[in-house]
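My entries follow in the order in which I looked.

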Amino acid sequence: MPLLLGVIPFGFITGATAVDAGIPPLQAILMSSLVFAGAAQLAAIELYDQAAPVGIIVLTAVIVNLRHLMYSASIAPYFNRFSSGWRWVCAYGLTDQTYAVSLTEFQSNSHSPQSSRVFYLGAAVTIWVAYQLSTTAGVVIGARIPSELSLSFAVPLTFIALLFTVIEDRTTTIAALVAGSIGVLSGWLPYELGLLSGALVGVAVATFIQQSRTVADSSQEISACSEAPDTQTERDNS
Amino acid sequence: MLIAIGVATYALRMSFVFLFEWLDTVPTQIEKSLRFVPPAVLAALAVPALVTLSTDPVAGFVFDSDRVVAATVAAIVAWQTERVFLTIVVGMVALWGLQVV
């Protein structure tokens, strides 16, 4: 499963940086089963290292994890056929990788509710086990890796690697460019508020661009029918 | 403090499970905006980890050129291959190579 190549180093880095930031080993391992979301864990660990208030740490983790909302929205039609108990279990296992592999499978092949549940849980359990084992390995071995190897550099590298998998078109590129620049420019703010403001401005600008493009498209269509819509006048005024 | 984080992160996970239960009502506009969350968040995590703004003594950017070069190499690999593991390996090897030189 090539997906595990993305999970194992992530778990390892998460475990190693958690211990490095002074989080006790057992809690570092527990964190991986409680949160089960690498990027949010890495962001939280970094903030913990800076002694940020708990509220800021949680808020940052929530924003980093907002993408799960999108995943669950798009996979929900397939989950609806499961019983409520299974849905709770399946929701826990909804990671980037599980989502990607399951949705692709559900869209391309028709499944009975049971076979899709088996497929989904198979992927989720595999990823969960790999992630927990690699976190534990990171906690145990990571502390012994000399600092000259700059293992911490693997964290931004992971974000870069993931970034290019989610950039799909011009609007997502703009979201990334804006968020990155604002993140740097507001980096003087305490406790990674630069991250929050960068991400929020990036999403806002991309949404605005997408909306004005949609309005432009629809007003073109409608004006072809010689009917001037309100949206067009609003756009001309702005 | 640590227990508080543990509980808070657990609450975070549960909140997604809860949101998942009434998903049918997620408005389309929010769903559209959510598409931009991953690229925005990942860029806001990655770029400031490499370059920071400083005002002391004069305004300017602070960065470690080895790390920026290694990250650029990794970014090219990520862009061309979209492979996470390969990107991390190439970036780390590039950084080690530059540090030795």
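**Entry on a helix pair.** I began with H7(A) and H8(A), whose crossing is right-handed (the near helix is turned clockwise from the far one, where a left-handed crossing has it turned anticlockwise by less than a right angle). I note that the model is predicted, that local features need pLDDT of at least 70 and side-chain atom pairs pLDDT 80 or more, while totals for chains, interfaces and linings use all residues, and that side-chain values use heavy atoms, without hydrogens and water. Residues are numbered from 1 along each chain as its sequence is written, and chains are lettered from A and ligands numbered from 1 in the order in which they are written.

The axes of H7(A) and H8(A), the latter covering residues 113-142, come within 9 Å and cross at roughly 155° (lines fitted to C-alpha atoms, for helices over the stretch in contact, with angles from 0 to 180 degrees between N-to-C directions). That angle makes the two helices roughly antiparallel (over 145 degrees; under 35 counts as roughly parallel, 65 to 115 as roughly perpendicular and the rest as oblique).

For the contact (heavy atoms within 4.5 Å), I listed Gln97(A), Thr98(A), Val101(A), Ser102(A), Glu105(A) and Phe106(A) on H7(A), against Ser116(A), Phe119(A), Tyr120(A), Ala123(A), Ala124(A) and Ile127(A) on H8(A). Among the buried residues of H7(A) I also found Tyr99(A) and Leu103(A) (buried means under 20% relative accessible area, exposed over 50%, partly exposed in between, with a 1.4 Å probe and protein chains only).

**Entry on Gln41(A).** I then turned to Gln41(A), which lies in H3(A), residues 38-49, and which counts as buried because its relative accessibility is 0%. Leaving out residues up to four places away in sequence, I find Gln41(A) touching Thr14(A), Met31(A), Ser32(A), Val35(A), Phe36(A) and Tyr131(A). Ten of the twelve residues of H3(A) are buried, so this helix is largely enclosed by the rest of the structure. After H3(A) comes Ala51(A), with a positive phi near 55°.

**Entry on chain B.** Read from the N terminus, its elements follow the order α-α-α-β-β-α-α. Of its 101 residues, 39% are buried. Among the contacts in chain B with a separation of 6 or more, 24% join residues 24 or more positions apart.

How values were computed:
Helices (H or I, at least four residues) and strands (E, at least two) are DSSP runs, numbered from the N terminus.
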